Amino acid sequence: MKIAMLGSLGHINRIVVPQLIQAGHEVTVISTNPERQATIEALGAHAAIGTMTDADFLTSTFTGQDVVYLMLSGSTGDDLFQSAVSQAQIWKHAIEAAGVHNVVNLSSIGADAGEVAGSCTPII
């Protein structure tokens, strides 16, 4: 399966990407940092260097992928909600233009809020 993943080699992808590659999947990791390219490729993944706000870059990167993993990690302005809506519109355009049918979306917004955000009991 071909999988494109936002989130560079952050907290989730640094664990998940090697496992997906070991399972035989073809993984493309999207990163804004060109210095991460060598590390991404050393894992056996393809590196796509660009930004999640560039619809043309995302469309090109998403084209031909079976699954796209999206990660909303923060705001690019003062209005968190509007920032998320703007990002969602960019993703929607890129996903539709690329013809992707399977999408996983995760947000880490509020993960740093601690007790204020509430708590949950792990089910695993």
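## A residue in helix H4

Gln-87 is found in helix H4, which covers residues 80-98. The model described here is predicted. Is Gln-87 buried or exposed? Its relative accessibility is 4%; because buried means under 20%, Gln-87 counts as buried. Leaving aside residues up to four places away in sequence, Gln-87 touches Met-52, Thr-53 and Leu-72.

## The helix as a whole

H4 has 19 residues, and at 1.5 Å a residue they should span 27 Å.

Which residues of H4 are buried? They are Ser-83, Gln-87, Trp-91, Ala-94, Ile-95 and Ala-98. Seen down the axis of H4, these buried residues fall within an arc of 95 degrees, so they line one face of the helix. A general rule applies here: an α-helix has 3.6 residues a turn, so residues three or four places apart point the same way. On the other side of H4, the residues Phe-81, Gln-89 and Glu-96 are exposed.

The cover over the buried residues of H4 includes helix H3 (55-62), strand E4 (67-72) and strand E5 (102-107). Just after H4 comes Gly-99, which takes a positive phi of about 75 degrees.

## The sheet

Five strands form an open sheet, and their order is E3-E2-E1-E4-E5. The pairing in this sheet is parallel. Which strands are at the edges? They are E3 and E5, and each of them pairs on one side only. On average, neighbouring strands of the sheet are turned by 20 degrees against each other, with direction ignored.

E4 and E5 are joined in the parallel sense by six bridges. Within this pair, Val-68 stands opposite Val-103 in E5. Helix H4 packs on the sheet, where H4 touches E4 and E5, and the direction of H4 makes about 170 degrees with that of E4.

## From E2 to E3

Strand E2 (residues 26-31) and strand E3 (residues 46-49) run parallel and are joined by four bridges. The bridge partner of Val-29 in E3 is Ala-47. Between the two strands the chain passes through helix H2 (residues 37-42), and this β-α-β crossover from E2 to E3 is right-handed.

Note on methods. Residues are numbered from 1 along each chain as its sequence is written. This is a predicted model: local features need pLDDT of at least 70, side-chain atom pairs count only at pLDDT 80 or more; totals for chains, interfaces and linings use all residues. Side-chain values use heavy atoms; hydrogens and water are left out. Two strands pair if DSSP finds at least two bridges between them. A crossover is right-handed if, with the strands pointing away from the viewer, the path from the first strand over the helix to the second runs clockwise. Buried means under 20% relative accessible area, exposed over 50%, partly exposed in between (1.4 Å probe, protein chains only). Contact means heavy atoms within 4.5 Å. The expected span of a helix is 1.5 Å times one less than its number of residues. The arc is that of the directions from the helix axis to the C-beta atoms. Axes are lines fitted to C-alpha atoms, for helices over the stretch in contact, and angles run from 0 to 180 degrees between N-to-C directions.
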